[in-house]
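Dear colleague,

Please find below the structure that I am handing over to you. My notes on it follow directly after.

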Amino acid sequence: MKSLTKYREIWLAAAIALLVAAVAIRFPAFATPSRLLTVFNDYTILIILALGQMTVILTRSIDLSMAANLAFTGMVIAMTNAAYPAIPIPMLIIMAMAIGSLLGAFNGILVWKLDIPPIVVTLGTLTVFRGATFVVSGGAWVNADAMSAAFIQLQRGVFLGLPILSWFAIAAIAAFYLFLARTPLGRSIYAAGVNPTASVYAGIDVGRIKFVAFVISGMVSGLCGYLWVSRYVIASTEVANGYELQIVAACVIGGISIAGGIGSVAGAVLGALFLGVIGSALPVINVSPFWQLAISGAAIILAVVLNARGEKRQGRIILRQAEAA
Amino acid sequence: MHTTALQETSTFEAANSAPVLSLNGISKSFPGVRALNDVALSLYPGQVTALIGENGAGKSTLVKIMTGIYQPDAGEIVIGDDAVSLPTAHAAFGHGITAIHQETVLFDELSVAENIFLGHAPRNRFGLIDWKQMRANAREVLDTMGAGHIDAEARLRDLGIANKHLVAVARAMSIDARIVIMDEPTASLSAKEIEELFQLIEFLKSDGKAILFISHKFEEIYRIADRYTVFRDGEMVGEGRLAGTSQSEIVKLMVGRAVDHIFPKRTPDIGEPVLRIDGLSHPTEFDAISFELRRGEILGFYGLVGAGRSEVMQAIAGLTRTSAGTMRLEDAPLEPKSAADAIRSGIVYVPEERGRQGVVIGLPIFQNVSLPSLSRTSKSGILRLAEEFALARQYTERLDLRAASLSQDVGTLSGGNQQKVVIAKWLATRPRVIILDEPTKGIDIGSKAAVHGFMAELVAEGLSVIMVSSELPEIIGMSDRIAVMREGRMVEIFDNKDLHPETLVRAAAGIAA
C-alpha cells in the first residue's frame, strides 16, 4: 500500500507540474516562484481545511459541516473583534479554534454516542450552523470598517519572505504530519479506518476515535473561520457557501480513500494545490469560470477512478487470503 | 396418490441407477492450503446424501464449487450424462442446482412471491412483471409443499428463519431444481421447525430431487439421510448407504487420520490457577461456564461450530458483556469493560477470523505488531519508530516470520505469516493469559508447526494458554486438558491422558458412549 500511495502522490505532483508547465508555455509569468507562492497563499485555507477533512475521512466518516462551521466561527470572531477591538488577535485565534472544536465535538458526539451516519449528522449540522450564523448576526455583515487594523493585517505580514497566512498552512501541514504519522492517536485513526473490527480487538475505541477526528476538523474549521474573514475582510452568512464540496474534492483528488484508512498529508495538500493551480491558471489563459467547475469535476472523477483501481488490486489480495481461511 | 406411489418406486430404482450429479477428481487449492484433493461425490434422484466431516474438511469449498462460486483446479462435474462447467452462480442455477444456507440468502425487503420468482418472474404481454400471475404461482408452489400458511405477499423480513427456509425451498421448486444443497439448514431452528423441515425434505425426495444435506448432528443425519459421504482434510474417505452403518464407524472415518505433523514434545510444568471462571453466563450464547486455567498450562476448548466457545472467550477478553458469573485473574477480580481493559490486565484474545478481526491490511507489519502497545512505543505522546521496529522485530523473529521487510504491507504475506504477525502483536503486549481462537485455521503445515512450537515455548515460560480449536489432532496434540462445550454449555473437562479422539467427538456431538 505504501508504494501505491507514494505512486499516487508522485503522479499528482507530476500532473500539477505538467499543468503549470502547459500554462507557462503561453504565459511564462505563471511559472515564476513568486506567482506560484501566491497560488499557495491563496489556497492556504483550502489546504488546512482539507487536512481536517482528511482526518475525518480516514475514520470512514465525512464532515460536510466544515464550511458552515467556518462561516459561523468567522462571524462570531469578526463580531467579537468589532465589539471589543482590544482583544489581542492570538486570543481571538484561540477562541476561533475553541468554538470550532465545540461545534466539531457536537458532530462527534452524535456520531459516537448515537451512532448516526456521519453524512446525515453533518448534513444536518451544516444547516444548523448556517442558521446559527444568521441568528447571531441578524443577517448583517461585518465589513472592513468594523474590523480592527490588527485583525486584518496580521496574516498579511511577511515572515522570512512568506506571508503569515502561508505560514499558517506550513504549520498546519507540519502539525498534521506529526499527529497522523507519529502519535499513537494518529496511528489509531488509520487502524480504525482500515479495519475497525480488528481495531476493536486491539483495544481501540473506534467511536472515540471518530469523535476526536470531528473535534479536529471542527478546530481547523474554526481557525479557517478567522483566516477567511480577515483575508476577505468580510463576515456574512454567505461566507464559504458550498465550499464543503471543494474540501472533499481536494481530499478525493489527493487520494484519500472515502472508504477510510488510506491517505496521506502530502496527498491532501497536493489535492488542494491541484484545485489551486486549476483555479489560478484558467483565468490566466482566458477560460471561463464555468469551465473551471467542469474541469475540477472531471479531475475528481478521474481521481476516484484511479483510486478505485488501486484499491481494488489490494482487495483481490485480501479476498484470496480470506478464501483460504 | 397414484403419482406419489409411482415416484416412490422410481426413487428406489434410481438409487441403483445413475446419479443425477457426479463430481469426479475435484481438487482445489488456495495459497498455502489444499482445500480439496481429488474428491468424488455422487447425488442420486430422490435420495438424501449426508456430507459429513470436521470443520475444515472441505465441505464448504465443495458446496461453493457446486454452486459456481469457486472454480475447481482439476476434476469434472457431470450432470446427467454431460460434463458441465459452472463458471458462475447463475450457470449452476441454470443446471438446476440450488443451495439453501444456514443464513438464507434471500432479500429481506422483497415479498415472498418476489423472492421465489426473482429472475424468472412471469411476464405479461407488455414484457412487464405479471404480479397477479406471480402471486398465484407463488401460492401454488407454497401449497404444493404444504407451506400454505405463508402469505405470498408478506415481506420476507417479517418471516421467521424456518419460514425463510421454506421460501428458499419454494424458490428451488419454482425453477424446477434437480439438486438441492442444504448447508446446515437446522443450525438456527427449533425442534418443531426442524421437524417441519424434515417433512419438507421428504416431500422433495418424493418429488425426485437429489439432496445434499450437510450437518454436524448425527441424530439428524440418521433421521433424514439415505447415503453418507465423509470428508477428512480435503479428501473423500468413505461413502455408502447409511442403513447398516453405525455412528462409531462414521466417527472413525472422520477422525482416523494419519498424523500430518509431529507436535512439540513438552514436559508440562503446571502451577497455581491463574484464571478462574465461575458460572459465567450470557443471555443468549452460553450458560454457567466454569473452569480454571493454571500457570504454564494449555487448556484446549473443543466443540462444534456454534457451541459458544468463541463467545465465552470474547467475554473473558472484554469484548462482550456477561449476565452472570465471576472471573478472577490471579487474586484480583476481573471485570473487563473493553478489550483495552482486558489487555491492560494481561489477557489477550487472538480472534478466529484473521482477515477481519486480526490483521489490519493496509498497515505495514511493524505497525500491526505495535498497534495494542502504542503507549509503550511512544514517549511524551510521540511514537518512536525505532522502538516500534525493535518490538516488531523481537516478536516476529521468535515466530520465524518470513518477510522481506517489516515495512511491507501485512496484506502481502501468506495466511500463515499473517497469523504469525497477529500472534506477535498480542505477545508484544506481554500478556499473562493468551487465548488463541482457531490459531492454525487455514494456514500451511509449516506455519502450523511454527505456531505450535511457539505455544510450547510460551507455556514453558510460565504463560497460560487457552486454545479454541476444532481440529482434533491439534487439540489432542497440544492441550494439557480439554474442555468440551456443546450448545453453550460445558460438557466436561478431560485430562489429556490416553484420551481417545472419539471420546471428544461424542461429547461434542452429544452421542452417548
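In this predicted model, Arg187(A) and Glu388(B) form a salt bridge across the two chains, with their closest N and O atoms 2.6 Å apart. The count of salt bridges between chain A and chain B is one. Polar contacts between the two chains number six residue pairs, with both residues at pLDDT 80 or more.

On chain A, the side that touches chain B draws at least two residues from each of four helices, namely α8 (164-182), α9 (184-194), α10 (196-201) and α14 (289-324). Of these, α14(A) gives the most, with seven residues. Sorted by class, this side of chain A comprises 16 nonpolar, seven polar and four charged residues. In total, 27 residues of chain A and 42 residues of chain B take part in the contact.

The size of an interface is often expressed as the accessible area that is lost when the parts come together. Here chain A and chain B bury about 2800 Å² between them, and 64% of that area lies on carbon and sulfur atoms.

Strand β8 (residues 210-214) of chain B has five of its five residues buried, so the strand is largely enclosed by the rest of the structure. From β8(B), the residues Ala210(B), Leu212(B) and Ile214(B) point one way, while Ile211(B) and Phe213(B) point the other way. In a regular strand, side chains alternate between the two faces of the sheet.

β8(B) is joined to strand β3 (residues 48-52) of chain B by four bridges, and the two run parallel. Within this pairing, Leu51(B) stands opposite Ile214(B). β8(B) also pairs with β7(B), again in the parallel sense, over five bridges. There, Asp183(B) has Ile214(B) as its bridge partner.

Strand β7 (residues 179-183) of chain B is in turn joined to β6(B) by four bridges, and these strands run parallel. Ala99(B) of this pairing has Ile181(B) in β7(B) as its bridge partner. In strand β6 (residues 97-100) of chain B, Ile97(B) and Ala99(B) point one way and Thr98(B) and Ile100(B) the other way, and all of them are buried.

Helix α10 (residues 309-316) of chain B is likewise largely enclosed by the rest of the structure, because seven of its eight residues are buried. The buried residues are Arg309(B), Ser310(B), Val312(B), Met313(B), Gln314(B), Ala315(B) and Ile316(B). Following α10(B) comes Gly318(B), which has a positive phi near 80 degrees.

Two further residues deserve a note on their backbone angles. Most residues other than glycine have a negative phi. Asp115(A), however, has a positive phi near 60 degrees. Asp115(A) is placed in the loop between α5 (89-113) and α6 (118-137) of chain A. Its relative accessibility is 64%, so Asp115(A) counts as exposed.

In chain B, Glu487(B) also has a positive phi, of about 45 degrees, although it is not a glycine. Glu487(B) lies in the loop between β21 (481-486) and β22 (489-495) of chain B. With a relative accessibility of 54%, Glu487(B) counts as exposed, because the cut-off for that class is over 50%.

Yours sincerely,

A colleague

Definitions and conventions
Residues numbered from 1 in each chain as written. Chains lettered and ligands numbered in written order. Predicted model: local features only at pLDDT ≥ 70, side-chain atom pairs only at ≥ 80, totals over all residues. Heavy atoms only, no water. Contact = heavy atoms within 4.5 Å. Buried area = accessible area lost by both parts, 1.4 Å probe. Salt bridge = Lys/Arg side-chain N within 4 Å of Asp/Glu carboxyl O. Polar contact = N/O pair within 3.5 Å; in protein donor to acceptor, adjacent residues only side chain to side chain. Nonpolar A, V, L, I, M, F, W, Y, C, P; charged D, E, K, R; others polar. Buried < 20%, exposed > 50% of the residue type's maximum accessible area, 1.4 Å probe, protein only. Pairing = 2+ DSSP bridges.
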